[in-house]
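Have a look at the model, then read on.

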Amino acid sequence: MRKWGLLAAALGLTMAACGGGTTTTADGGEEGVATAGGSRLDVVKDRGQLLCGVDGGIPGFSFVDESGTYSGIDVDVCKAVAAAVLGDAEAVEYRRLDSTERFTALSGGEVDMLSRNTTWTVSRDTSVGLEFAPTTFFDGQGMLVRADSGIEGLEDFAGQAICVETGTTTELNLTDQMRQISVDFEPVVFQDADAAYAAYAEGRCEGMTSDKSQLVARRSTLPNPDEHVLLEVTMSKEPLGPVTINNDSAWFDVVKWTTYGLIQAEEFGITAENVATFEGTENPDIARFLGAEGTLGTDMGLPNDFMAQVISQVGNYGEIYERNVGLDSQFELERGQNALWTEGGLMYSPPFR
Amino acid sequence: MAHDSGGKSFDLKAMLRDERFWKIAFQVITLLVVFLLLSFFLGNLNRNLIQMGRAFGFSFLLNPAGFSIGESLIQYRPNDPYWRALMVGLGNTLTLVAAGIFLTTLLGTAAGVASFSKNWLVHRLSRIYVGLVRNVPLLLQLFFWYFAIFGALPSPDEQIGVLGLGFLNNRGVYIPWASSAVLAVLGIAATIGAAIAAFYLWQWRTKIRIETGAGGQAQAIAVAVLGLVWLAIIVFGMNWTVPEGVEGGGVTGGLRLSREYVAALTSLVFYTSAFVAEIVRAGIQSVSKGQWEAARSLGLHAGIVMRLVVFPQALRVIIPPMNSEYMNLTKNTSLAFAIAFPEMYSVATTTYNQTGRPVEVFVVLMATYLILCLLITLVMNQFNRAVQFKER
């Protein structure tokens with residue numbers, strides 16, 4: 001009897017002692033919900049810095065050089081969003097993520113957005129729980145082989161090894177394509193792109209498959225770039241663009257319309273150099289776009305002149321393309337599908353109104 | 001008794017002085033803290049899942065996987081469900097674990113015993129091996145074996161033949177193997193069965209020799225016959241196919257061990273064996289010097305002293321830490337995904353990336369490795385009981 005009395009007393013006392021603790025936890029929890037329920041946009045503004053997930057190993061898209069400076073199309077998209085939200089294109093902290101880490105890093109809140117050559121697919125949009133901002137690069141999956149290998153098409157891969165990076169759409173497309181033509185091949189699946197290209201370079205695989213732009217960019221880093229050729233096949237559609245997490249439309253809208261803004265600026269002919277000359281323009285579309293009229297920016301929770309900031313600091317889509325992968329770069333890729341819709345391409349922005 | 005057991009007057013001071021009150025109170029507090037932490041983290045997880053509009057569940061495992069896997073023990077097609085893909089990964093992990101534990105035991109014991117060798121070269125080699133391998137991270141060693149050693153092998157059109165029995169190239173290692181999987185399984189089962197039977201026969205022989213002083217020839221002959229039968233089964237029953245080089249590169253027949261598998265196995269075995277060697281060395285050193293000297297004074301030579309007197313006693317010290325080395329090896333197989341070996345962890349990463357369900361996949365992963373390690377512990381505990389000192 002006494003033992004139980006003692007136990008009850010002890011329980012009661014500790015309960016009382018922990019009572020305060022329990023309520024504080026509950027309060028903390030509610031605060032947590034409030035933050036979680038609020039938008040990422042406020043988090044980024046409070047922090048004063050944008051956390052942007054990039055690949056960091058693909059020249060022309062996102063590449064970190066010896067001095068630690070990031071460059072590329074994907075990096076410029078991060079900069080554009082930082083310029084729009086914070087007014088400073090350099091207020092970005094880049095996180096290098098591999099293809100398997102990227103979605104968990106985003107859903108775990110480790111990064112605010114991905115700008116990491118991520119293909120827009122329906123399952124990622126729905127079941128994986130992501131939101132895809134407009135495509136910044138229309139790509140297709142290709143196959144890199146040695147010029148002297150005698151391989152001319154996918155049929156020649158029977159019994160041969162193909163290196164591929166895991167967690168990518170290319171891994172799935174490769175399987176689908178090979179199933180379609182009933183070719184038995186050996187997939188060698190790497191978690192790390194660097195390891196995959198190294199294994200391909202030293203001969204573990206006959207073929208290396210990825211997005212064509214990535215293969216072209218990576219070929220330039222192989223020991224003898226001239227010994228490798230791209231096959232004349234396009235295995236899939238690969239629309240690549242920035243990504244945010246589901247169910248945060250305020251933040252998603254910011255990323256989406258900043259990206260559209262880059263395209264719209266090119267259509268208007270506004271560049272980093274001439275943006276200042278559009279001050280006090282008579283054209284109402286451009287005045288709205290640059291924030292001189294209307295409240296497009298403030299309605300979104302941004303400074304009204306956010307697009308003016310973006311363009312003066314980063315440039316429009318055409319400028320970004322040309323300096324990173326286009327004619328002003330070592331890759332000299334044609335605009336092709338990535339030209340404006342007015343020039344026969346797929347780049348099209350809904351109206352800023 | 002200072003206070004009344006009826007509890008009419010509640011004496012707080014007396015209770016606070018009571019040692020038993022504090023013992024219980026501390027346990028209750030600890031439990032509460034654990035409970036609060038758990039509920040905080042689980043609540044957080046739940047809130048985040050709800051925010052992303054997703055419910056916790058495992059039904060996604062029934063959806064088609066859609067990716068291909070390089071090597072597999074069981075039949076697998078890309079449109080098979082995710083759970084089957086995970087089973088393929090588990091099978092690959094198990095082949096790595098089984099071969100790894102077997103080879104580690106052999107190499108580790110040999111290296112540990114070698115450190116006691118009077119032969120200068122053998123002794124030095126053992127020490128250098130342990131010192132070098134034990135102090136380099138396993139991931140580095142995996143890359144080293146994969147890229148520097150097996151990557152340096154020639155391409156299939158210039159492959160190296162080994163004694164007409166196998167081939168080496170930068171795709172893998174080709175060895176003779178039974179012509180069908182069923183035969184291979186039967187052969188392995190026969191080998192294990194014969195080994196167990198021989199062990200018990202030999203124990204029976206020793207017992208008879210001790211108890212009756214008889215020669216035990218009958219049992220010795222039985223072991224020899226068993227050995228011959230086993231040899232006959234292995235040599236003639238397996239329908240061996242020997243790998244043959246193909247004109248222009250490549251190999252047909254035999255068994256292909258992929259370069260990923262061989263590199264993973266080699267680095268795991270070399271790495272873990274270095275630790276096992278130290279455990280074996282410690283075990284042998286724990287046997288008192290008097291045991292050596294007594295055995296030597298009976299006129300036994302060094303090899304017999306080690307085998308019959310010292311090593312059986314050393315086993316008592318060796319077995320418990322060996323258990324954790326085997327578990328380390330099991331868990332370290334997950335690093336093999338860095339060199340593209342499609343083991344459990346590698347398939348699981350692809351799965352959670354494809355489905356966006358890291359929490360569920362990691363639950364499956366953790367449960368798998370937990371069960372594997374518990375099974376190893378179960379076996380090792382039985383073994384430990386068998387070698388412990390028996391008081392008579």
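A residue is called buried when its relative accessible area is under 20%, and exposed when that value is over 50%. With that in hand, A340(B) counts as buried because its relative accessible area is 6%. Keep in mind that this is a predicted model.

A340(B) has something else going for it: its phi is positive, about 70°, although A340(B) is not a glycine. You'll find A340(B) in the loop between helix 10 (302–332) and helix 11 of chain B.

Over in chain A, E332(A) also isn't a glycine and has a positive phi, of about 50°. E332(A) sits in the segment after helix 13 (317–324) of chain A. Is E332(A) buried or exposed? E332(A) is exposed, since its relative accessible area of 52% is over the 50% cut-off.

Here are those two residues side by side:

| Residue | Phi | Relative accessible area |
|---|---|---|
| A340(B) | about 70° | 6% |
| E332(A) | about 50° | 52% |

Staying with chain A, take helix 3, which covers residues 73–86. Helix 3 of chain A is mostly covered, with 13 of its 14 residues buried.

Now for the place where the chains meet. How many residues of chain B are in contact with chain A? There are 48 of them, and they touch 50 residues of chain A. The size of an interface is often given as the accessible area lost when the parts come together. Between chain B and chain A, that buried area is about 4100 Å², and carbon and sulfur atoms give 59% of it. On the chain B side, M52(B), R171(B) and N353(B) supply 15% of the area buried against chain A, more than any other three residues.

The rule finds 4 salt bridges across this interface. One links E186(A) to R256(B), with the closest N and O atoms 3.0 Å apart. There are also 11 residue pairs in polar contact between the two chains.

Which helices of chain B supply at least two residues each to the side that touches chain A? They are helix 2 (19–51), helix 5 (138–149), helix 8 (259–286) and helix 11 (344–355). Helix 2 of chain B gives the largest share, 11 residues. Taken together, the residues on that side of chain B divide into 24 nonpolar, 16 polar and 8 charged.

Conventions: Residues numbered from 1 in each chain as written. Chains lettered and ligands numbered in written order. Predicted model: local features only at pLDDT ≥ 70, side-chain atom pairs only at ≥ 80, totals over all residues. Heavy atoms only, no water. Contact = heavy atoms within 4.5 Å. Buried area = accessible area lost by both parts, 1.4 Å probe. Salt bridge = Lys/Arg side-chain N within 4 Å of Asp/Glu carboxyl O. Polar contact = N/O pair within 3.5 Å; in protein donor to acceptor, adjacent residues only side chain to side chain. Helix = DSSP H or I, 4+ residues; strand = E, 2+ residues; numbered from the N terminus. Nonpolar A, V, L, I, M, F, W, Y, C, P; charged D, E, K, R; others polar. Expected span 1.5 Å × (residues − 1). Buried < 20%, exposed > 50% of the residue type's maximum accessible area, 1.4 Å probe, protein only.
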